[in-house]
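These are my notebook entries on a single model.

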Amino acid sequence: MLSLGIDPGTATVGYGFVRELNDGSLKAEAYGVITTPPSLRMSERLKLIYDSLTALIEHHKPDRAAVEELLFGKNVTTAITVAQGRGVILLALQNAHLPIQEFKPTYIKQSISGYGGAKKPQMQEMTRMLLSLESIPRPDDAADALAVAITDLHSSRYSMIE
């Protein structure tokens with residue numbers, strides 16, 4: 001099973017494709033970021049995210065997808081722009097007819113590290129270990145997206161048991 005994990009944004013969208021192998025181990029198939037230039041109008045940036053994500057989905061053909069839910073901080077303006085990016089991400093996933101899961105950041109941290117308050121370095125190292133990578137995935141948004149995909153695969157195991 002191949003899961004696409006997404007760390008949403010408008011300036012940078014992290015993505016990670018993780019495959020669960022027959023023996024239950026996990027393999028990172030591809031990961032990276034979609035970046036949008038700040039010089040573009042928001043509508044152009046959103047279209048770039050949609051088109052880029054659609055192309056990635058068509059190329060890798062994931063079985064399912066997962067997106068990190070927004071954590072609203074004090075900066076409402078940033079939250080609104082990230083929400084716009086998240087909206088076009090969800091639209092691209094829905095148009096590809098993918099089953100979509102959404103996870104809170106604390107749930108992802110719990111799934112990866114066993115602790116919902118884990119810090120970024122711990123999360124990155126655990127993601128590296130779970131995927132048997134030689135080094136921590138870079139940039140951070142891509143590592144976060146891989147963690148989302150791992151959480152999705154872990155979650156799908158439990159939902160099949162119930």
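**Basis.** I worked from a predicted model, in which local features need pLDDT of at least 70, side-chain atom pairs count only at pLDDT 80 or more, and totals for chains, interfaces and linings use all residues. I number residues from 1 along each chain as its sequence is written, and side-chain values use heavy atoms, with hydrogens and water left out.

**Sheet.** I took helices (H or I, at least four residues) and strands (E, at least two) as DSSP runs, numbered from the N terminus. Two strands pair if DSSP finds at least two bridges between them. I found 5 strands in an open sheet of mixed pairing, ordered β3-β2-β1-β4-β5. β3 (26–35) and β5 (100–103) are the edge strands, each pairing on one side only. On average, neighbouring strands of this sheet are turned by 20° against each other, direction ignored; the axes are lines fitted to C-alpha atoms, for helices over the stretch in contact, and angles run from 0 to 180 degrees between N-to-C directions.

**Strand pairs.** I noted that β1 and β2 run antiparallel and are joined by 6 bridges, with Leu4 bridged to Phe17 in β2. The hairpin from β1 to β2 passes through 4 residues. β2 and β3 are also antiparallel, over 9 bridges, and Thr12 has Thr35 of β3 as its bridge partner. The hairpin of β2 and β3 has 5 residues between the strands, and Gly24 there takes a positive phi near 90°. β4 and β5, by contrast, pair in the parallel sense over 4 bridges; Ala65 is bridged to Ile100 in β5.

**Burial.** I call a residue buried under 20% relative accessible area, exposed over 50% and partly exposed in between (1.4 Å probe, protein chains only). In β2, 7 of the 9 residues are buried, so this strand is largely enclosed by the rest of the structure.

**Cores.** A nonpolar core is a set of buried Ala, Val, Leu, Ile, Met, Phe, Trp, Tyr and Cys residues joined through side-chain atoms within 4.5 Å. The largest has 20 residues, and Leu4, Ile6, Tyr15, Phe17, Leu53, Ile89 and Leu93 have the most contacts inside it. β1 (2–7), β2 (12–20), β3, α1 (42–60), β4 and α2 (76–95) each supply at least two of its residues. α1 gives the most, with 5 residues. Apart from this core lies another, of 17 residues, including Phe103 and Leu131.

**Rings.** How many aromatic pairs does the structure hold? I found 2, where rings of Phe, Tyr and Trp (its six-membered ring) pair if their centres lie within 6.5 Å, and planes under 30 degrees apart count as stacked, over 60 as edge-to-face and the rest as tilted. Tyr15 and Phe17 are edge-to-face, at 6.1 Å centre to centre and 65° between the planes; both are buried. The ring centres of Phe103 and Tyr107 are 5.4 Å apart with the planes at 5°, so this pair is stacked. Phe103 is buried, at 5% relative accessible area, whereas Tyr107, at 41%, counts as partly exposed.

**Arg64.** I located Arg64 in strand β4 (residues 64–68). Is Arg64 buried or exposed? At 13% relative accessibility, Arg64 counts as buried. Its side chain makes a polar contact with that of Asp152 at 2.8 Å; such a contact is a pair of N or O atoms within 3.5 Å, where within protein one must be able to donate a hydrogen and the other to accept it, and residues adjacent in sequence count only if both atoms are side-chain atoms.
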